[in-house]
Amino acid sequence: MGVSTAVAHITFASKTGSKPVLQFFTEERSEPRRVTIETNPFCIGRCETADLRIDSAQVSREHAEIFERRGMWFL
């Protein structure tokens, strides 16, 4: 899925064992988009293999990863 420049934050559902959700806002939409983080690590970038593709010159091919270690989430 490709998106343009985005502002993001990560939200977690209140149920134990539920998957985290990346919630972000794009310049084109006033409503947030939500993507369930299905993989660990979850890759964000321009490359075709990224879990979340962001089509922007401001984003590198492999821009960021979200990953979990010992119950803690990192970006």
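## Aspartate 55 and the salt bridges

Aspartate 55 is partly exposed, with a relative accessibility of 44%. In this predicted model, aspartate 55 forms a salt bridge with arginine 53, and the closest N and O atoms of the two are 3.3 Å apart. Arginine 53 also counts as partly exposed, because its relative accessible area of 24% falls between the limits of 20% and 50%.

The structure holds two salt bridges. One of them joins glutamate 38 to lysine 19, with 2.7 Å between the closest N and O atoms. Glutamate 38 is in the loop between S4 and S5, whereas lysine 19 is in the loop between strand S2 (6-11) and S3, so this pair ties together parts that are 19 residues apart in sequence. Glutamate 38 is exposed, at 53% relative accessibility, while lysine 19 is partly exposed, with a relative accessible area of 44%.

## Overall architecture

The protein contains eight strands and zero helices. Along the sequence, its pattern reads β-β-β-β-β-β-β-β. Of its 75 residues, 29% count as buried. The accessible surface comes to about 5,300 Å², and carbon and sulfur atoms account for 50% of this area.

Among the contacts with a separation of 6 or more, 26% are between residues 24 or more positions apart.

Strand S3 covers residues 21-26 and is mostly covered, with five of its six residues buried. Its partner, strand S4 (residues 33-36), runs antiparallel to S3, and four bridges join the two. Leucine 22 has valine 35 in S4 as its bridge partner. Together, S3 and S4 form a hairpin, with six residues between the two strands.

## The nonpolar core

Which residues make up the largest nonpolar core? This core has 10 residues in all: Leu22, Phe24, Val35, Ile37, Phe42, Ile44, Leu52, Ile54, Val59 and Ile66. At least two residues of this core come from each of S3, strand S5 (42-45) and strand S6 (52-54).

Valine 59 counts as buried because its relative accessibility is 10%, and buried means under 20%. Not counting residues up to four places away in sequence, valine 59 touches Gly45, Arg46 and Ile54.

## The aromatic pair

A search of the whole structure finds one aromatic pair. This pair consists of phenylalanine 67 and phenylalanine 74, with 5.4 Å from centre to centre and 20 degrees between the planes. The pair counts as stacked because the angle is under 30 degrees.

Key. Residues are numbered from 1 along each chain as its sequence is written. This is a predicted model: local features need pLDDT of at least 70, side-chain atom pairs count only at pLDDT 80 or more; totals for chains, interfaces and linings use all residues. Side-chain values use heavy atoms; hydrogens and water are left out. Rings of Phe, Tyr and Trp (its six-membered ring) pair if their centres lie within 6.5 Å; planes under 30 degrees apart count as stacked, over 60 as edge-to-face and the rest as tilted. Buried means under 20% relative accessible area, exposed over 50%, partly exposed in between (1.4 Å probe, protein chains only). Two strands pair if DSSP finds at least two bridges between them. Contact means heavy atoms within 4.5 Å. Accessible areas come from the Shrake-Rupley method with a 1.4 Å probe; for residues, only the protein chains shown count as cover. A nonpolar core is a set of buried Ala, Val, Leu, Ile, Met, Phe, Trp, Tyr and Cys residues joined through side-chain atoms within 4.5 Å. A salt bridge is a side-chain nitrogen of Lys or Arg within 4 Å of a carboxyl oxygen of Asp or Glu.
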